Amino acid sequence: MQDTTLLLNLAAALAVAGVSAAIAARLGQSVILGYLLAGVAIGANTPGFTADPGTVGQLADVGVILLMFAIGIQIAPRDLFATGRTTLVGAHVQIALIILIGFGVAIAVGWRWEAALFFGAVLSNSSSTVLTKVLGERGQEGSTHGQLALAWSTVQDLNSVVLVVALVAVTTEGGNIAGELALATLKAALFLAFLVPVGSRVLPDAFAWLARLGSRELFILMAAALALGAAYVATLLGLSPALGAFIAGIALSESEVRDEIFHGVVPIRDVFAGLFFVSVGMLVDPMIFIDQAGLTLLSLALIVLAKGAICVVLVRLFRYPWRTALLTGVALAQCAEFSFLIARVGSDMDVLSGDEFSLLLGSAALSIVVAPGLLRAAEPLATRLARMSSPRGGLAQVPDRTARGHVILCGYGRVGRLVANGLREHGVEFAVIDQDARVIAALRSEGDAAYLGTADNALVLERAGIREAQMLVLAIPERLGTRVAAQYARQLNPGIVLVARSHSDAEQTALEQSGVNDAVNGEQELALAIVRYALGHRGVADTHVEETVRTLRQGQGVHTSTQSVSA
């Protein structure tokens with residue numbers, strides 16, 4: 001008889017996860033909560049059907065590998081280190097401080113020193129998986145705090161490789177910590193030295209050749225094979241498979257086919273990433289929250305409050321605005337995959353007892369549950385904090401504007417920079433608002449009017465001359481910030497023209513209903529640009545092309561008037 005264990009566990013995990021996630025979404029909660037509860041429901045610690053944790057765990061490992069591969073594709077090396085000392089120094093300082101604090105707390109409650117070290121190490125890491133999911137749900141992947149938090153978490157992930165080696169060496173009798181660390185560093189260096197330079201030259205050409213074959217299935221198949229293959233090679237060197245997949249993604253991050261690979265991998269990634277959270281829930285014993293409620297809440301407080309506060313202070317020390325510092329700290333105030341890896345190493349070595357292992361898993365799982373709500377609650381607080389901390393007399397000795405009829409451009413990322421170049425080309429006067437101090441300094445050095453702050457800060461808008469401005473362009477990716485900024489602008493200047501970027505039809509409609517004159521849907525405009533090009537290439541008259549585009553934009557369907565097409 002055919003063995004159906006894998007099929008049964010996969011079907012059960014996906015079915016329960018789907019139902020639970022749907023309920024969570026219906027109640028306005030993150031689907032992550034639904035996945036975790038689904039894992040608890042089919043785990044060994046609750047009655048009813050029990051899925052095989054080994055089978056689900058292996059499938060979940062595939063999800064983490066694909067997730068880290070997709071993250072790597074989206075982060076070019078220059079973007080990864082764009083935050084410079086902030087993440088490279090800040091993340092390491094935060095890790096050291098949390099390990100020390102966790103160690104002290106664990107010793108104080110009676111843990112052995114070896115277990116106390118693992119306790120602090122587990123709490124020190126933040127999850128790229130959770131970050132990507134939470135920021136994606138709020139449309140903040142491209143925000144300053146989103147990029148900063150993701151880069152910070154990536155440094156933590158890279159550091160986890162060395163951290164695991166150090167913990168094993170320290171807690172093993174006769175362990176040679178210097179030798180083990182040197183060997184681990186050498187292996188990682190060899191892996192990076194081979195995959196990044198060679199991969200960045202060979203892999204893009206290989207995938208470009210695959211793309212020319214015209215088989216999307218083959219293209220996606222080879223992308224998945226690359227992610228899993230890089231993960232396997234990493235394990236041969238004693239490195240994390242997720243780290244191997246992440247570096248493989250970085251090797252492709254600057255190729256022309258990166259977007260095609262990313263969009264092809266995303267559906268597979270989302271299915272298996274859901275299984276990752278289910279597998280976490282399966283390991284959680286709900287009784288731990290009752291039997292050791294006090295210590296569980298204390299551990300959660302260290303993850304959320306202590307680690308979050310340390311990150312806020314460190315980001316602020318690198319001269320980022322209070323809003324960015326607070327949202328970055330809140331986003332990093334959770335634990336997940338590499339924390340579970342460290343905890344599992346401690347359990348396998350018998351350094352952590354069963355109760356200690358369950359407590360760490362339970363605390364980390366709780367941090368995942370509260371992560372979406374914390375970020376949602378922190379946004380209005382961050383906005384108020386930014387207003388309170390902003391001086392009224394201008395930023396960095398920049399005087400208030402006296403011009404009238406200018407354009408205010410909020411956000412100077414990839415979208416905002418193109419808008420600014422277009423305005424410069426035609427001599428249109430504009431002022432930029434951005435929360436990156438380096439961007440502001442560069443603009444001012446070129447003679448542009450630039451103001452440090454966020455668009456949803458009424459004081460910053462006033463300094464940029466919102467009352468006299470003719471137009472406000474909201475080129476920021478944050479949905480909530482866009483809506484709040486639009487409301488302030490309309491209050492301060494009822495006649496101003498508001499233009500904003502949106503990410504979906506529903507968001508576009510909501511923005512236009514809130515008073516935005518034109519909410520530009522990026523995907524829709526991309527499709528219309530393709531329509532314009534395709535019809536023009538086929539010889540359709542320009543007037544008919546533009547009429548068709550207008551009709552499609554208004555949602556009235558394709559215009560059916562007679563169009564002259566060249567033979």
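This is a predicted model: local features need pLDDT of at least 70, side-chain atom pairs count only at pLDDT 80 or more; totals for chains, interfaces and linings use all residues.
Residues are numbered from 1 along each chain as its sequence is written, and side-chain values use heavy atoms, without hydrogens and water.

Two packed helices are described by the angle between their axes and the distance between the axes. Helix α14 covers residues 293–317, and its axis comes within 10 Å of that of α6, crossing at roughly 50°. Helices are DSSP runs of H or I with at least four residues, numbered from the N terminus. Axes are lines fitted to C-alpha atoms over the stretch in contact, and angles run from 0 to 180 degrees between N-to-C directions. α6 and α14 are therefore oblique to each other; angles under 35 degrees count as roughly parallel, over 145 as roughly antiparallel, 65 to 115 as roughly perpendicular and the rest as oblique.

Helix α6 (residues 113–124) also packs against α5, at an angle of about 140° and with the axes 7 Å apart. This pair is therefore oblique, and its crossing is right-handed.

Leu97 lies in α5, which spans residues 85–108. Leu97 counts as partly exposed because its relative accessibility is 36%; buried means under 20% relative accessible area, exposed over 50%, and partly exposed in between (1.4 Å probe, protein chains only).

Methods:
Helices (H or I, at least four residues) and strands (E, at least two) are DSSP runs, numbered from the N terminus. A crossing is left-handed if the near helix is turned anticlockwise from the far one by less than a right angle, and right-handed if clockwise.
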